[in-house]
Amino acid sequence: MVGQLAFSPVYRFEPIRPFTGKSWYNPFQGDTLEWSRANFHIHTQNWGGLTAGRRSPQEVISVYDSLGYTWIGLSEYQRINPSSPILLYEHGWGIGKVHQLCFWAEKVVWWDYPFFQTLSAKQHIIALLRPTTRFLVLAHPRFLHGYTGQELSLLGGYDAVEVLNRYGDSVAEWDSALSSGHYASIIASDNAHDAYNPHQVMSRWTEVGVPSSASIKLLERALLGGRTVAYKNRTPFPLSGPYPRFRLIKIEGDTLLRVQLSHRVDTLRIIGQGGTVRAVAYDSDEITYSIRVYDTYLRIEAYTSEVEAYTGALVRSGPHRRDIPGIDRMATAIQSIALGILSLSALLGGWWLLRTRADR
Ligand SMILES: [Zn+2]
């Protein structure tokens with residue numbers, strides 16, 4: 001445990017800087033919105049049954065195909081499954097469930113801190129993954145608290161947060177990331193391990209704001225640009241009927257936000273800095289909101305008895321993401337020396353103990 005820390009650099013994390021600026025970035029701007037359904041987090045049978053996946057890629061793909069999904073990603077642990085329509089893998093094999101989804105990765109990174117991860121260790125993993133993947137998602141933050149909200153507000157170099165996941169939803173953590181001025185796109189996933197179990201399928205999904213016929217390049221651009229809506233199914237089975245979709249999310253003159261849905265919903269909410277509720281509408285298919293000078297980011301939530309929907313964020317200026325922070329060389333050197341002394345004294349202590357026992 002001490003030894004593994006010796007390999008992690010110590011980073012100099014910057015103070016948070018909420019989104020500012022006169023103009024607004026709206027990933028949904030435009031007069032028509034088209035949606036295609038996605039799940040990028042599914043496990044199939046792999047590693048000789050060692051990891052928890054129960055079905056073959058063909059079985060999984062046909063289940064999601066029949067439910068009308070356009071984008072399907074088989075996210076095996078530490079392996080890019082060549083049968084996956086969207087190529088990606090889930091990084092992380094430690095006990096703490098600090099996992100990342102690496103889309104279109106050039107290679108699998110095996111380095112991990114398996115027992116305990118300091119904030120700097122978590123940053124180091126992101127730094128190692130960053131050059132190998134085109135879309136880097138921090139998976140299920142609340143699952144065993146792999147990432148806290150505080151950590152998401154300091155880490156840099158990641159593209160998105162898997163806000164909805166069967167193993168734990170992380171809306172507050174995502175708000176921390178957005179409130180700190182880091183543009184994190186939103187995705188939602190089943191994290192299914194058995195696609196034949198109806199409780200595991202279509203429990204959470206992502207709607208991407210591109211038509212089903214879109215190219216992979218367009219999909220990638222939409223994911224990076226935050227043009228997604230995350231859905232949570234409040235019923236125990238896949239939905240068979242229609243559910244509300246966003247028809248219009250428009251900012252007019254940088255001062256007025258207009259939202260229009262395809263169906264009436266019980267509640268519509270506009271959320272802003274710190275996760276605070278800025279406006280609410282009940283039993284309606286639309287909401288308008290006069291943007292305040294102190295608004296930094298805005299996102300929309302919709303609720304019915306069947307689903308919850310969370311749009312990607314609209315932010316001031318642009319979809320800015322914090323870079324990987326600089327390394328604090330002095331602190332890294334001190335940590336290495338301190339850990340060196342600790343290891344050496346443990347070694348010497350052991351040797352002394354063995355000798356005194358042998359002398360008896
Ligand atoms: Zn995971």
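# Close-up views of a predicted model

**View 1. The whole chain, before zooming in.** The protein chain has 7 helices and 16 strands. Its radius of gyration is 23 Å, close to the 21 Å that the globule rule gives for 360 residues, so the chain is as compact as a globular protein of that length. Everything shown here comes from a predicted model. Along the principal axes, the C-alpha atoms fill a box of roughly 85 × 50 × 35 Å. Of the 360 residues, 42% count as buried. Among contacts with a separation of 6 or more, 66% are between residues 24 or more positions apart.

View 2. As background, nonpolar side chains in soluble globular proteins tend to be buried together. Zoom in on Ala230 and, leaving aside residues up to four places away in sequence, you find it touching Val163, Leu164, Ile186, Ile187, Ala188, Thr206 and Tyr310.

**View 3. The open sheet S4-S5-S6-S7-S8.** Here 5 strands line up in that order, with mixed pairing. S4 and strand S8 (185-189) sit at the edges with a single partner strand each, so one side of each has no neighbour in the sheet. From one strand to the next, the twist averages 30°. Inside the sheet, S5 and S6 pair in the antiparallel sense over 4 bridges. For a landmark on that pair, look for Phe103, whose bridge partner in S6 is Phe135.

View 4. H3 spans residues 119-129, and its buried residues are Ser120, Ala121, Lys122, Gln123, His124, Ile125 and Leu129.

**View 5. Helix H5 lying across S7 and S8.** H5 (residues 171-179) runs at about 160° to strand S7 (160-165). The helix is mostly covered, with 8 of its 9 residues buried. Those buried residues are Val171, Glu173, Trp174, Asp175, Ser176, Ala177, Leu178 and Ser179. Their cover includes H4, S7 and S8, along with strand S14 (297-303) and strand S15 (307-311). Just after the helix, Gly181 takes a positive phi of about 90°.

View 6. S9 (residues 204-208) has 5 of its 5 residues buried, so the strand is largely enclosed by the rest of the structure. In a regular strand, side chains alternate between the two faces of the sheet. In S9, Arg204, Thr206 and Val208 point one way, while Trp205 and Glu207 point the other way. S9 pairs with S2 in the antiparallel sense over 3 bridges, and it is joined to strand S10 (residues 228-233), also antiparallel, by 5 bridges. Which residue of S9 is the bridge partner of Arg37? That would be Glu207, and Glu207 also stands opposite Val229 in S10.

**View 7. Arg55, a buried loop residue.** Arg55 is in the loop between strand S2 (36-42) and helix H2 (57-66). Is Arg55 buried or exposed? It counts as buried, because 20 C-beta neighbours lie inside 10 Å. Its C-alpha atom is separated by 5.1 Å from that of Thr44, 11 residues apart along the chain. Not counting residues up to four places away in sequence, Arg55 touches Thr44, Gln45, Val60, Asp194, Ala195 and Tyr196.

View 8. Asp254 has a positive phi of about 60° although it is not a glycine. Look for Asp254 in the loop between strand S11 (246-252) and S12. Asp254 is partly exposed, with 13 other C-beta atoms within 10 Å. Ser317, not a glycine either, has a positive phi of about 70°. Ser317 belongs to the loop between strand S16 (314-316) and helix H7 (329-359). With 15 C-beta neighbours inside 10 Å, Ser317 counts as partly exposed.

Conventions:
Residues are numbered from 1 along each chain as its sequence is written. This is a predicted model: local features need pLDDT of at least 70, side-chain atom pairs count only at pLDDT 80 or more; totals for chains, interfaces and linings use all residues. Two residues are in contact if their C-beta atoms, placed from the backbone, lie within 7 Å. A residue is buried if 20 or more other C-beta atoms lie within 10 Å of its own, exposed if 12 or fewer, and partly exposed in between; C-beta atoms are placed from the backbone. Helices (H or I, at least four residues) and strands (E, at least two) are DSSP runs, numbered from the N terminus. Two strands pair if DSSP finds at least two bridges between them. Axes are lines fitted to C-alpha atoms, for helices over the stretch in contact, and angles run from 0 to 180 degrees between N-to-C directions. The radius of gyration is taken over C-alpha atoms; the globule rule is 2.2 Å times the number of residues to the power 0.38.
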